[in-house]
Amino acid sequence: MQLLGLLCCMVLFTLSSTFTIGRFSRDTSHAIDGEKVMRWDIPFINKDVKTPLVGGDMALPPGRNALIDKAYRWQFPIPYILDNSLDLNAKGVIFQAFETYRLKSCVDFKPYEGEKSFIRFEKLDGCWSMVGDLKEGQRLSLGENCDYKGTIMHEILHALGFYHEQSRTDRDNYVNIWWNQIIPGMEHNFNKYDDSFITDQNTPYDYESIMHYGPYSFNVDPRYPTITAKDPELTHVLGQYNDFSSLDLLRLNRMYNCSAPLTLLDQCSFETLGICGMVPRNQENGVQWVHSRSSSQSPDHTLVGQCRDAGHYMFFSTNSGKAGDSAFLESRTLYPKRKLQCLQLFYKMTGSPKDKLVIWTKQIESDGTPTGKAIATLNGDGDHSWKIAHVPLSMNGKSFYAFQGISGDPSHSSGGILLDDVTLAETRCPSATWRIPNFSSYLASYAVGEYIQSPRFYSPEGYGFGLQLLPNSYVNGYIGAFFHLTSGENDKTMNWPAGNRQVTLTVLDQDPDVTQRQSFSYSFTTNGKQLIPGTDRLYWDDPSKVGTYDPSCDCYRGWTWGYNAFFSHFDLHRRSYLKNDDLILFIEFEDLTPLINQPASNDI
């Protein structure tokens with residue numbers, strides 16, 4: 001089952017930056033992490049594991065090397081089994097990890113159908129995997145607190161044949177191992193391996209690798225690290241589990257001869273003269289999309305105008321001509337396989353509020369005739385900043401997509417429509433996207449415990465929900481994030497309580513290349529039997545029954561559930577999490593019920 005990609009509401013999901021402000025109530029909330037930073041690093045989770053492991057999380061038969069020996073390479077797709085022992089949340093996050101592999105590599109997965117080689121995901125003691133394809137089926141353990149996407153991606157990389165980054169033969173040139181700080185008996189987890197045993201695929205040492213230990217792995221005293229970078233500034237990035245690093249991907253794709261990702265159909269930041277094969281189609285009136293260079297007055301989104309003589313976008317002027325003038329920008333011909341796609345784009349409207357950006361899809365019929373339809377329309381407004389939009393598509397066979405710029409009122413326009421950083425992937429669009437502009441000002445001005453309230457969003461099923469975001473949470477140096485259900489227009493037809501739904505909160509890394517993003521996400525799954533403390537009322541019941549009325553939305557808000565230490569202020573200022581000072585969040589509320597009643601697999 002490929003859960004991420006089954007559901008799609010054919011409407012345009014645009015984000016809103018509208019929100020209200022409030023004081024967070026601890027009395028009507030549950031913090032998964034209490035008021036401390038949860039440790040998700042695998043060595044910490046595995047400190048009491050009884051299964052014999054090498055390197056902290058590898059169940060490795062002696063005398064064998066999967067990384068060098070091609071006999072232990074997998075054939076794709078890899079058959080998998082989701083064992084009945086797994087927590088429901090872990091099952092959902094496994095599918096998230098599968099989708100990330102498909103989006104960024106040629107690694108694919110399929111349900112087990114009797115093959116000799118397969119991976120069985122189980123809930124055993126800790127987070128660990130066997131290394132390489134054993135040709136007889138193998139286990140991958142996701143024990144307590146292993147249901148984090150980065151952890152699962154890490155363990156799958158072991159199954160694919162990868163060792164830890166700090167195991168490289170040249171590691172002492174880049175990091176220091178503090179042997180006196182390692183728990184006695186755990187020193188073997190810091191062994192180096194000769195390059196005749198493992199290979200780095202001819203790539204540099206990677207401090208950001210998802211396969212690198214964090215500074216406090218297997219430490220005796222929580223105050224002191226066991227591994228630090230020789231450049232102190234780089235110690236902070238060791239042990240990130242957000243996503244693949246660029247070198248992780250390079251090695252994976254080299255090892256398995258991946259020529260292109262499976263589900264990434266197209267992406268363009270318009271930095272090349274060929275504009276990624278897109279074709280501007282001029283109308284008879286001469287208006288057209290123009291390949292334009294970034295400037296201080298009109299910066300692009302890719303580089304935010306920070307690079308001289310670099311940074312480009314596509315521009316459709318609406319300040320001359322007549323109302324109704326239009327032009328198309330068409331993609332190259334594409335051959336989708338999944339019949340479900342998500343088009344992500346960054347756009348800016350600097351002209352008249354009557355201007356329009358229309359997204360089209362066009363199919364190429366067997367006789368070569370194109371047939372098209374308008375899928376979504378973005379309208380001009382008074383906000384002249386870069387915004388993000390997601391458009392669900394359902395192209396089938398030979399086809400392409402197109403952007404149509406339409407001039408609304410040239411006499412009241414001083415600009416036009418700007419388009420940049422376009423991505424088309426064969427996956428489902430986010431259910432909700434929330435953009436918070438000028439986020440640094442909230443970090444600077446909000447007191448501990450003050451929150452920003454999101455707009456009300458709706459899940460694909462029709463549940464209303466929202467998010468309370470604390471710029472300065474009760475854990476110092478962190479953003480807090482708390483999810484809640486809201487009453488909505490579909491409540492009478494919804495199933496209550498809303499149990500077995502997976503909430504996923506994602507901070508978007510706005511790198512223009514989707515394969516290079518290290519977006520951060522947490523997931524938890526609702527329990528329909530969970531009671532509100534001290535009552536006999538259900539936590540995830542209809543908010544109009546168990547929630548509190550909020551006049552700002554004319555709705556009821558249920559109790560909140562989330563994290564005090566959701567995302568650190570330090571990480572927030574790394575990479576492109578705050579590009580243009582915009583914080584962009586994706587919020588999912590997805591039904592995992594289909595994953596509960598699966599055929600028994602324990603007899604295999």
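I worked from a predicted model, in which local features need pLDDT of at least 70, side-chain atom pairs count only at pLDDT 80 or more, and totals for chains, interfaces and linings use all residues. Residues are numbered from 1 along each chain as its sequence is written, and side-chain values use heavy atoms, with hydrogens and water left out.

Entry: I found an open sheet in the order 23-33-28-29, with antiparallel pairing. Helices (H or I, at least four residues) and strands (E, at least two) are DSSP runs, numbered from the N terminus; two strands pair if DSSP finds at least two bridges between them. Strand 23 (432–436) and strand 29 (520–525) are the edge strands, each pairing on one side only. Strand 28 (residues 501–507) is joined to strand 29 by 6 bridges. I looked up Thr504 and found Ser523 as its bridge partner in strand 29. Helix 2 (residues 88–104) packs on this sheet, touching strand 28 and strand 29. Its direction makes about 145° with that of strand 29.

Two terms: contact means heavy atoms within 4.5 Å. Axes are lines fitted to C-alpha atoms, for helices over the stretch in contact, and angles run from 0 to 180 degrees between N-to-C directions.

Entry: I noted an open sheet with mixed pairing and the order 4-8-9-7-5-6. Its edge strands are strand 4 (58–59) and strand 6 (109–111). Strand 5 (residues 78–82) and strand 7 (residues 119–122) run parallel, joined by 3 bridges. Helix 2 turns up again here, running at about 165° to strand 5.
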